[in-house]
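Let's take a friendly walk through a protein chain together. Keep the picture open beside you, and look for each spot as we come to it.

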Amino acid sequence: MKMHFCIPVSQQRPDSLGGRYVQYSVYLDGFLFCKVRYSQLHRWNDQLRRVFGNCLPPFPPKHYLAMTATMAEERRDQLERYLQNVTADPRVARSDVFTQFLTLVQMHTLNITTQKTALAVFLPNGRSLNVEVLTSDTAEKVLEVVAHKLGLYPELLGYFGLFLIRCFPEGKISVVKKLADFELPSTSLQSSELEGCKIGLRKWYLDPALDSLLMDCRAAGDLLYMQAVQDIEIEWVKPTQAQREELKALQEKENQTKFLELSQEVRHYGYIQLDPCTCNHPEPGCGAVLSIGNNEISCCVTLPDGQTRDIAFQMSAVKCWQVTFLGTLLDTDGPQRTLNQNLELRFQYSEDSRQPWFVVYSKQAFFLSSCLKKMISEKMTKLSEENPEMQIEVPEQDRSKKQLSQHKDYFNFLRKSKMKKDEDECVWGTLAEGSVAYQSAGMLFLGWQAGFSPDSAFVFPVSLLGFPTCL
């Protein structure tokens, strides 16, 4: 799947020879990832082409004369699309030439040198596991070190991930983002600049049925148990009073197996809950708490009169979604490094004969999008197992698979200035009035299409086998 890469701003910088060059601020999942020059990306593309040939997406051409403002904006837009498209091929994203370059630019951006460091990785039970790593070690490498120390089977690594997590004094937590394999945990902590951030280990799947694949490993079972206990304590899962009492008794007896078996019967088990946010349904400005898992988006809406309403959106009814930047990106050289001003995620779903849009205003919009993509990838994996002719790769769950999908265009990054209004559905006309988009504001769009083929990669969506497949 493509990743949430964007280049919202570029700046001119003086070089050592008295001239000037353009520096691009690359963001991943809404956080500053690195700052690079066109020449650096150009050399990287040349290296990738020597390995992978012409299967790479087109790279913006060189300009030998001074660029106009329009040409500069076009190049920035092309570089952004290149980064999104090049990450869609798992062969490329897992190659040494890909990872080594991104490692170097991350370290260079924050002036970090390679050295040994003790990294605290927090487990779901709140305890930290200190591991000795290098500042240049990627999240994938750090996860391997953590797994080895815990005794987690290597083949189960894909079911877990490292996350950037905020911890609050009252015991609550907030999952900020899932670290990509090539991200450096050391630099992620620095670039986030959020108070109370830690690197945490959690399972990374949203289908509770996958628990059964991990139970033969004692370390994996321990992690699932820790997370189940934590999710109850922070009220992400919703046991009845009877279930709560029975779970407490099993916890006191340290009967992990029975505890997990009963936990799977509890509402929202295995879901990820987002921070309180606002939404547009049933009317604008309603408070909302979203829980994502088990092929649904569960939303508890607080109405203006204080009453609450539970709404569940099944993924089989979701047609597409998009993440939008609204507002202003502040000084990127100052403390502001995140694109969290007025972020929204909206998704279109089928309701009877209508296809309304549900809009969520949340700083976790990118993480919510990642969760939705995760549920799609898990469903696609099940479909591929039932239909072997569908060669679909899900690298997060099975790192040993090398089959490639020819259907890689899971989402497309669009800008408001380039969007065409659909006169029938007026999709873009429903954006919040009064919102001011900065010049490089972008929209992340993810759509679905059935019976898809390479020649119809950007056809508007319908459903397949009761579940949407990717555009």
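Helices (H or I, at least four residues) and strands (E, at least two) are DSSP runs, numbered from the N terminus. Residues are numbered from 1 along each chain as its sequence is written. This is a predicted model, in which local features need pLDDT of at least 70 and side-chain atom pairs count only at pLDDT 80 or more, while totals for chains, interfaces and linings use all residues; side-chain values use heavy atoms, with hydrogens and water left out.

Most residues other than glycine have a negative phi, and most peptide bonds are trans. Asparagine 294 is not a glycine, yet its phi is positive, at about 50°. Its relative accessibility is 39%, so asparagine 294 counts as partly exposed (buried means under 20% relative accessible area, exposed over 50%, partly exposed in between, with a 1.4 Å probe and protein chains only). Histidine 268 also has a positive phi, near 70°, and sits in the loop between H9 and strand E9 (272-273). Histidine 268 counts as buried because its relative accessibility is 7%. Now find proline 282, in the loop between strand E10 (277-279) and strand E11 (286-293).

Next come the aromatic rings. How many aromatic pairs does the structure hold? There are 19 aromatic pairs. Rings of Phe, Tyr and Trp (its six-membered ring) pair if their centres lie within 6.5 Å; planes under 30 degrees apart count as stacked, over 60 as edge-to-face and the rest as tilted. Phenylalanine 163 and tryptophan 204 make an edge-to-face pair, with 5.5 Å centre to centre and 75° between the planes. This pair links distant parts of the chain, 41 residues apart: phenylalanine 163 belongs to strand E6 (residues 160-167), and tryptophan 204 to the loop between strand E8 (197-203) and helix H7 (218-233). Phenylalanine 163 counts as buried, at 1% relative accessibility, and tryptophan 204 counts as buried at 5%. Phenylalanine 347 and tyrosine 349 have ring centres 6.0 Å apart and planes at 55°, so this pair is tilted.

Finally, look for one more ring, in tyrosine 21: arginine 37 lies over its face, at 3.8 Å from the ring centre. A charge sits over a ring if NZ of Lys or CZ of Arg is within 6 Å of the ring centre and within 35 degrees of the ring normal.
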